[in-house]
Amino acid sequence: MAPTLEYLTGRREAGGRPKMIATTPQKRQGRLRAALEHASGDKRFKILEAHMKKHQFRQDALIEILHKAQELFGFLDDDLLLFVASKLKLPPSRVYGVATFYHFFTLKPQGKHTCVVCLGTACYVKGADKILAAVEDLIKVKPGETTPDNQVSLLTARCIGACGIAPAVVYDGTVTPRQTAGSAVEHIQKWEVK
Amino acid sequence: MILHDLLQIKERELAGRKKITLRCCQAAGCLSSGAKGVKEQLEKAVAQAGLQDQVEVRGVGCMKLCCQGPLVQADPQNSLYVNVTEETAPSLVAALQGGRTDVEQADPNAAFFKQQMFIVLANSGLIDPERIESYLAADGYQALHEALNEMSPKEVVETMVQSGLRGRGGAGFPTGLKWGTVAKSPAPKKYVICNADEGDPGAFMDRSVLESDPHSVLEGMAIAAYAVGADQGFIYVRAEYPLAISRLQIAIKQAKQMGLLGSGIFESPFNFNVDLRIGAGAFVCGEETALMASVEGKRGTPRPRPPFPAESGLWGCPTLINNVETFANVPPIFRRGAAWFAGIGTEKSKGTKVFALAGKIKNTGLIEVPMGTPLSAIVRDMGGGAPDGAQIKAVQTGGPSGGCIPAQHLDTPVDYESLGKLGSIMGSGGMIVMDDRTNMVEIARFFMEFCMDESCGKCAPCRAGTVQMYHLLDKIIQRRATAADLAKLEELCDMVRSTSLCGLGQTAPNPTLSTLRFFRNEYEALLQPDPGGPPGPANFNPPPVPAAA
């Protein structure tokens, strides 16, 4: 049977329930309420909101706000993205789209330590691939993953601009020059002992 | 703030200078080798020796020879100490008093320093980037004063046209022409954007300029804003450069306090504000339309041009986008005149260019040379050639959009046209040297993997083409490919280059094409004989038919 006009437009049939009205708005509101409830008990959300206020809740400041959110929480989870979306009056899809577009934002929690191996051209021709292979071999995870005990996250960077001292590795935010496979393994083993 | 105040600050700063200065590099390269501790130790040693009124320890920007950091320069002795450590730092202070120091020194007359010519990096390594007074003492903001008080916006644009400056972001579009187009676009609101999203792997010139001399970029932006009639500027800087971000924040704050940014600059009706926008790690945001989308807080995907940003850019308003180095060239042009600038370089490429020298080369670091300098002078004389007795095989310019220039073409002068003829581009200034142990096919795969990861996914040729090209290159390296695969790769390169939406896709095949052009034998050595399949275009000679039994 061909769908009726009422069916297509979602208009109410005589006496019947509305058809074709998506149920998501209802669901999303519940989700949002839960997210805001989650936010009410956490001081970090207040700090984040103050930061949004500094930007006058401008929608074009979304990337700045996500930077701040990641700085506060370490990663961006769904509730956090919903919170940002509702405060900036943006559709959640837009916030999610931006958060997943940029490599800098992570939707997964990070380990206690981070090891970023720079894979820029200068580091690459000086053997950064060997460093990465050695570290992968040691902690048995791939770039972008965290060890099961939540100790070390292994990441790669496209170029940190430290080409003059290549190959460089960033351990917990500290750029360390002229690394080798051996020195990188040594550094990470030190973390694991602690 | 009027000119008189400006000069007064300059005089006060110069009068306060001490007899001896120890300049200690505080840029990202040296800091990661421990330059912060070195500076603290120097200060402590000066205090202990009771020399505070004679010796100034100044934290400065990049001193160019990054491979041997931390660097400390003593003036007026003119000795450049290299590889200084916290332990050896106090001995430098002892050396000032006639003592001995075991710290190694670099030869200030070496080709690495002597063949450089500083315009953009003139203040780098001399001034303290975190103090605006230090920039004012180097005649800072006087160019802005001259432009605002003695020139009309039209004359400012005219000066830029005469200087012959071309965009330093890579494409080399004439800057004066761009300024003129934005200036002519009638609109109540216009923007100036500084593209500091230095995404090319292997390039760190813009980071060094921002870390070493942030005010020169701000001044250049302000002059540009006056010329085109904008009152709001944005600097889009990568999140990977935390030090550059913090120094820019300090610089903007200080310039605002002094009334050199903000409302009524130099008591004229000209207003100009600058805001920072922090990138989030997307290479495609170096493309101007993607960058503007990102400034607006959206996904950084490019859009078709025209309309060009000069007509319809940020929020639909006419927008001027220039690179960091382009803006840093502006104040010197106004201080010393367009004719002076136009006298440097080649006929079509004026001025100097900053290159980040890295890879398999002895002296890595920053160099600034006049346009037209031969590549061999840069990599052999200044760079000192490949280390460990290896031979230079190729020089890669332009990052993932550029190409590899083989050793036999090293006498090529560095300018936009000559590099283009060899299938490479000037690019933003990254120069990676490869020695004879580097596998060129792997380099091509490395860049293709980069483009594949960084493709934003908006247009199909780039999104799907880079993946297919990567797999073909991978197949070649794994020795599973035949001549038909190589032919397919070349066909794809041509298709992606011709049909992609933005520069990322249009230039993604360049590293592959240029290595194919000069190092085809390396590809062919990896190919497998075609097992009876239909011969590809590169494999036209069918195997001889065995004689009938």
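1. Domain bounds here are those of an automatic or database domain assignment. On that basis chain A of this predicted model has domain 1, residues 18-101, and domain 2, residues 113-193. Between the C-alpha centres of domain 1 and domain 2 of chain A the distance is 32 Å.

2. The secondary structure of chain A consists of nine helices and five strands. Along the sequence, their order is α-α-α-α-α-α-β-α-α-β-β-β-β-α.

3. Of the 194 residues in chain A, 34% are buried. Where contacts in chain A join residues at least 6 apart in sequence, 59% of them link residues at least 24 apart.

4. The five strands of chain A build an open sheet with mixed pairing, and the strand order is β2-β3-β1-β4-β5. Its edges are β2 (145-146) and β5 (174-176) of chain A, each of which pairs on one side only. Helix α8 (residues 128-139) of chain A packs on this sheet, where α8 touches β1 (113-118), β3 and β4 (169-171) of chain A. The direction of α8(A) makes about 150 degrees with that of β1(A).

5. Two bridges join β2(A) to strand β3 (residues 152-157) of chain A, and the sense of the pairing is antiparallel. Across this pairing, Glu145(A) stands opposite Leu154(A) of β3(A).

6. Strand β3 of chain A also holds Thr156(A). Is Thr156(A) buried or partly exposed? A residue needs 20 or more other C-beta atoms within 10 Å to be buried, and is exposed with 12 or fewer. Thr156(A) has 17 C-beta neighbours inside 10 Å, and therefore counts as partly exposed.

7. The surroundings of Thr156(A) may be stated as well. Leaving aside residues up to four places away in sequence, Thr156(A) touches Val116(A), Val117(A), Leu119(A), Leu132(A) and Pro143(A). Ala85(A), by contrast, lies 71 residues from Thr156(A) in sequence, and their C-alpha atoms are 29 Å apart in space.

8. Chain B contains 23 helices and 14 strands. Its C-alpha atoms fill a box of roughly 100 × 65 × 40 Å along the principal axes. The radius of gyration of chain B is 25 Å, which agrees with a compact globule, because a globule of 549 residues would have a value near 24 Å.

9. Buried residues account for 54% of the 549 residues in chain B. Among contacts in chain B between residues at least 6 apart in sequence, those joining residues at least 24 apart make up 73%.

10. Helix α7 (residues 142-150) of chain B gives a local view of the interior of that chain: Ala143(B), Leu144(B), His145(B) and Ala147(B) are buried. The buried residues of α7(B) pack against four helices of chain B, namely α1 (3-15), α8 (153-163), α11 (214-228) and α14 (324-336).

11. Where the two chains meet, 38 residues of chain B and 32 residues of chain A take part in the contact. On the side of chain B that touches chain A, at least two residues each come from α2 (28-31), β10 (352-359), β14 (430-435) and α18 (440-454) of chain B. The largest share, three residues, is supplied by β10(B). By class, this side of chain B has 17 nonpolar, 14 polar and seven charged residues.

Definitions and conventions
Residues are numbered from 1 along each chain as its sequence is written. Chains are lettered from A and ligands numbered from 1 in the order in which they are written. This is a predicted model: local features need pLDDT of at least 70, side-chain atom pairs count only at pLDDT 80 or more; totals for chains, interfaces and linings use all residues. Two residues are in contact if their C-beta atoms, placed from the backbone, lie within 7 Å. Ala, Val, Leu, Ile, Met, Phe, Trp, Tyr, Cys and Pro count as nonpolar, Asp, Glu, Lys and Arg as charged, and the others, Gly among them, as polar. Two strands pair if DSSP finds at least two bridges between them. Axes are lines fitted to C-alpha atoms, for helices over the stretch in contact, and angles run from 0 to 180 degrees between N-to-C directions. The radius of gyration is taken over C-alpha atoms; the globule rule is 2.2 Å times the number of residues to the power 0.38.
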